[in-house]
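Here are a few exercises to work through with the model open in your viewer. Try each one before reading its solution.

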Amino acid sequence: MKQKDNSVFLISLVVVFSISLWGILSPVGFGEVANGIFAFLTNNFGWFYLLAMFFFVIFMFAIAVSKFGSIRLGEDDSKPEYSYLSWFAMLFSAGMGIGLVFWGVAEPLNHYMAPMNLEAGTAEAANFAIYTSFFHWGIHPWANYSVIALALAYMQFRRGKPGLISSIFIPLLGEEKARGPIGKAIDILAIFATVAGVATSLGLGVLQINGGLNYLFGIPINTTVNIIIIVTVTVLFMISAISGLDKGIKILSNANIGLATILMILGLIVGPTVMILNSLTNGIGMYIGNIIQESMNLEPFGDNSWFGGWRIFYWAWWIAWAPFVGVFIARISKGRTIREFIIGVTLVPALGSFVWFAIFGTIGISLGPEIATEAIALTETAFFVVMQNMPMGSLISMIAVVLLCTFFVTSADSATFVLGMMSSNGDLNPSTQKKLIWGCIQSLMAFSLMMAGGLSVLQIASIAAAFPFAIVMVFACFSLLKALREDSQIAEDKLESEKSA
């Protein structure tokens, strides 16, 4: 029985370790295969990514406004374990983290200098840049996280099931099948998607930390430095992982929010304040006004390379992160109502992302096309190139490097915790040994992807891992709906209503 319980852990370990080894020993071959998968998926299934993500948005908000919104994730009298501040800090750190710092300047400037169907460097291109960044980092990714997080939190805390992705499918498959080969296959797929998605972000973080150290201290950008950064940060997040959820992750997450807030305040002060506020207002307006059209926007008779390189990549990246972030958010959300959960997990973090991109995107755009071109020449140093042209730029860059490190540690720590859970039959407090093993594997995977081709292969890996899991998530929605309809609370409410009538 013990061997059976460890099967998900052992199979996942072999699969992930083998792929990591392949990337290190044969980076060219690995890169060629990854590119082939990328081209196939983006050319043939871009429509599926778009429809799936839009479906998640509609589904989550439909659940929030429905009669199911009052159901509590736990017993009817259970209370949340964490304050709103710590809850938001932990879910935001796990869900976005490094990506915000990496892309906060780089993405808007890329869109500004290479907008779709617009002239580069114009006011129209600037509006497109801010709005598009809002769209990629707004409600869609958080609704996507909510699908897994809400379903798992419900099954864990209200139905008393193990903290496994396969538990979500008990209403559809039944207990026996969900615990059998089908369920184990789902859990293994979730682990692989998690490692690939997190490795993508860790790789981005290493590249940008190296870029920041190069800008601040002249440290060279090369493989040796990247290895040193990976090893150093791996040791740090291992220490945090051993400390446990309430100490390591919670404390670091609160620190992340504090540092991010300081950065935003400094950016708002030293940047073009009125322009930033105008960008924020206009960007939110464009976002609300175009959300349906943009959610399904493709070029059926034209070139879809822009969508493949940006939107499809993002949607796939968020889907690849869904099992990890979903399991983690579920773990910290016991006691909240479904309506409170959905609003807290979708709208609040999306608004935080809007403010972040409005500040740093507008600062970059305000410096003009010449600085923008220089900044996007190397994505990982874009933030620092822009900040060197601003008052207090060195201070802001220094804080950004520290924030990158703490986000890196928090993301890796959270992922290590979740991978330990998923490979320990849903144990809410996985063993230190398993957390340490997964921590090493994550770092190894990030390094192998970087060796195989840097940023492009990191992007490709996340898209490949996300595709099968997107299908799993669609079925998860229907399984959750079936479970909610069966919920005893709804039956009791209906009975009370009939009595009072």
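**Exercise 1.** Work out how far apart E175 and R179 sit in helix 9, in residues and in helical turns.

*Solution.* Start with the positions: E175 and R179 are four residues apart in helix 9, so about one helical turn separates them. Next, recall that an α-helix has 3.6 residues a turn, so residues three or four places apart point the same way. Now check the side chains in this predicted model: E175 and R179 form a salt bridge, with the closest N and O atoms 3.8 Å apart. That passes, because the cut-off is 4 Å. Last, look at the cover: R179 is partly exposed at 23% relative accessible area, and E175 is partly exposed at 36%.

**Exercise 2.** Find which parts of the chain the salt bridge between E175 and K161 ties together.

*Solution.* First, the contact itself: the side chains of E175 and K161 meet at 2.8 Å, N to O. Then place the two ends. E175 belongs to helix 9 (residues 175-179), while K161 is in the loop between helix 7 and helix 8, so the bridge ties together parts 14 residues apart in sequence. K161 is partly exposed, with a relative accessible area of 24%.

**Exercise 3.** Compare the span of helix 10 with the one expected at 1.5 Å a residue.

*Solution.* Helix 10 (residues 181-217) has 37 residues, and 54 Å is expected. From first C-alpha to last, helix 10 reaches 53 Å, close to that value. As for cover, 27 of the 37 residues of helix 10 are buried.

**Exercise 4.** List what S166 contacts, leaving aside neighbours within four places in sequence.

*Solution.* Begin with the location: S166 lies in the loop between helix 7 (139-158) and helix 8 (170-173). At 1% relative accessibility, S166 counts as buried. The contacts are A178, R179, G183, I186 and D187.

Key: Residues are numbered from 1 along each chain as its sequence is written. This is a predicted model: local features need pLDDT of at least 70, side-chain atom pairs count only at pLDDT 80 or more; totals for chains, interfaces and linings use all residues. Side-chain values use heavy atoms; hydrogens and water are left out. Helices (H or I, at least four residues) and strands (E, at least two) are DSSP runs, numbered from the N terminus. The expected span of a helix is 1.5 Å times one less than its number of residues. Buried means under 20% relative accessible area, exposed over 50%, partly exposed in between (1.4 Å probe, protein chains only). Contact means heavy atoms within 4.5 Å.
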